[in-house]
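Please read it alongside the sequence and the structure shown below.

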Amino acid sequence: MSTPITAAGDLSRLVVRDLRRELRVLDGLIVNTALPVMIMVLFVYVFGGAITTGSSGLDYIDFVVPAVLLMSGGYGAALTAVTISDDMTGGMIDRFRTLPISGWVVPAGHVVASVIRNVASSAIALAAALLLGFRPDATLADWALVLALVIGYVLAMSALAAVWGLLVRSSQAAGAFSFFVLFLPYVSDGIVPAETMPGVLRAFATHQPLTPIIETMRGLLLDLPMGSSGAVATAWLAGTVVLALPVAAVLFRRRTASGG
């Protein structure tokens, strides 16, 4: 067993490895840079003129920015399932078995690298929104809380993706998780107001995890009342991370102990 100090060193080296691997894949780097901008342009210029924001009375760009920030970071975070699945099936884990590293370090390395990479993706989306006319009213403290929410969301999605990538047996199956994460914001209060949806969808959109996160970000960025959404969002994110990370560590140990 490694000590906490050596485990921290192992973790940092695996994070650097994952980030370097991402930088060396040119098409992936282009997608991670261009996709947030394309999503923002799509919603503001293509959909924005046809969608009303209901009782909120907001301009569409102000309404949709929080959801697009989460979409930009969440989609990339979901691809953690693919990277960890590739490691499990591509022979890299056989090398890790010969090293004195803790079982939790490998999935944690993927998750931490994903957080760094995809928070940067959300920052690119925010820069695009500002260029397109988004004008937030947030204070410095509000921005800090928005950043914490984005980090929390990317961390939660990365942890869930790690669990999924360890459960499935191929990178193709692992990639299916990204479609779920990309679809989830559409059935929330982020793209169109939940009040405009039919009964069953409205109930789901109102009570699913992304809605309180988006409402909290919208309130922080635009100085709007948030009610209890901040506490609900924090509970969802903290609960997901606390449950998913230990499960990923256990699954990794079982997969490596059984030979993958």
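In this briefing, contact means heavy atoms within 4.5 Å. The structure is a predicted model, in which local features need pLDDT of at least 70 and side-chain atom pairs count only at pLDDT 80 or more, while totals for chains, interfaces and linings use all residues. Residues are numbered from 1 along each chain as its sequence is written, and side-chain values use heavy atoms, with hydrogens and water left out.

**Overall fold and confidence**

- The secondary structure consists of eleven helices and zero strands; helices (H or I, at least four residues) and strands (E, at least two) are DSSP runs, numbered from the N terminus.
- The average pLDDT (the predictor's confidence in each residue, from 0 to 100) is 85 for the chain, and 90% of the residues score at least 70.
- Among the elements of the chain, the lowest mean pLDDT, 68, belongs to helix 5 (residues 92-97), and the highest, 95, to helix 10.
- Of the 260 residues in the chain, 48% are buried; buried means under 20% relative accessible area, exposed over 50%, and partly exposed in between (1.4 Å probe, protein chains only).
- Among contacts between residues at least 6 apart in sequence, 80% join residues at least 24 apart.

**Nonpolar cores**

- A nonpolar core is a set of buried Ala, Val, Leu, Ile, Met, Phe, Trp, Tyr and Cys residues joined through side-chain atoms within 4.5 Å.
- The largest such core has 50 residues, and M40, F43, F134, Y153 and M217 have the most contacts inside it.
- Two or more residues of this core come from each of helix 2 (26-47), helix 3 (60-78), helix 6 (105-131), helix 7 (140-167), helix 8 (171-183), helix 10 (210-222) and helix 11 (229-257).
- The greatest contribution to this core is that of helix 3, with twelve residues.
- Leaving aside neighbours within four places in sequence, the contacts of F43 are G48, Y60, V64, V68, M71, Y186 and I191.
- A second, separate core has 18 residues, including I84, M88, V111 and L166.

**Helix 4 and its buried face**

- In helix 4 (residues 80-89), the residues T80, A81, I84, S85, D87 and M88 are buried.
- The buried residues of helix 4 fall within an arc of 155 degrees when seen down the helix axis, so they line one face of the helix; the arc is that of the directions from the helix axis to the C-beta atoms.
- An α-helix has 3.6 residues a turn, so residues three or four places apart point the same way.

**H110 and its surroundings**

- H110 is located in helix 6 and is buried, because its relative accessibility is 4%.
- Leaving aside neighbours within four places in sequence, H110 is in contact with R17, D18, R21, T80, T83, I84 and D87.
- The side chains of H110 and D18 make a polar contact at 3.4 Å; a polar contact is a pair of N or O atoms within 3.5 Å, where within protein one must be able to donate a hydrogen and the other to accept it, and residues adjacent in sequence count only if both atoms are side-chain atoms.

**Salt bridges**

- The structure holds two salt bridges, a salt bridge being a side-chain nitrogen of Lys or Arg within 4 Å of a carboxyl oxygen of Asp or Glu.
- One of them joins D18 and R17, with the closest N and O atoms 3.2 Å apart.
- D18 is buried at a relative accessible area of 6%, whereas R17 is partly exposed at 22% relative accessibility.
- A salt bridge also links the side chains of D189 and R218 (3.4 Å, N to O).
- Because D189 lies in the loop between helix 8 and helix 9 (199-207) and R218 in helix 10, this pair ties together parts that are 29 residues apart in sequence.
- Both D189 and R218 are buried, D189 having a relative accessible area of 12%.
- Leaving aside neighbours within four places in sequence, D189 is in contact with F63, A194, A205, T211, I214, E215 and R218.

- L147, in helix 7, is partly exposed at 44% relative accessibility.
- The C-alpha atoms of L147 and M217 are separated by 9.3 Å, although these residues are 70 residues apart along the chain.
- V250, in helix 11, is partly exposed with a relative accessible area of 31%.
- The C-alpha atoms of V250 and W104 are separated by 7.7 Å, with 146 residues as their distance along the chain.
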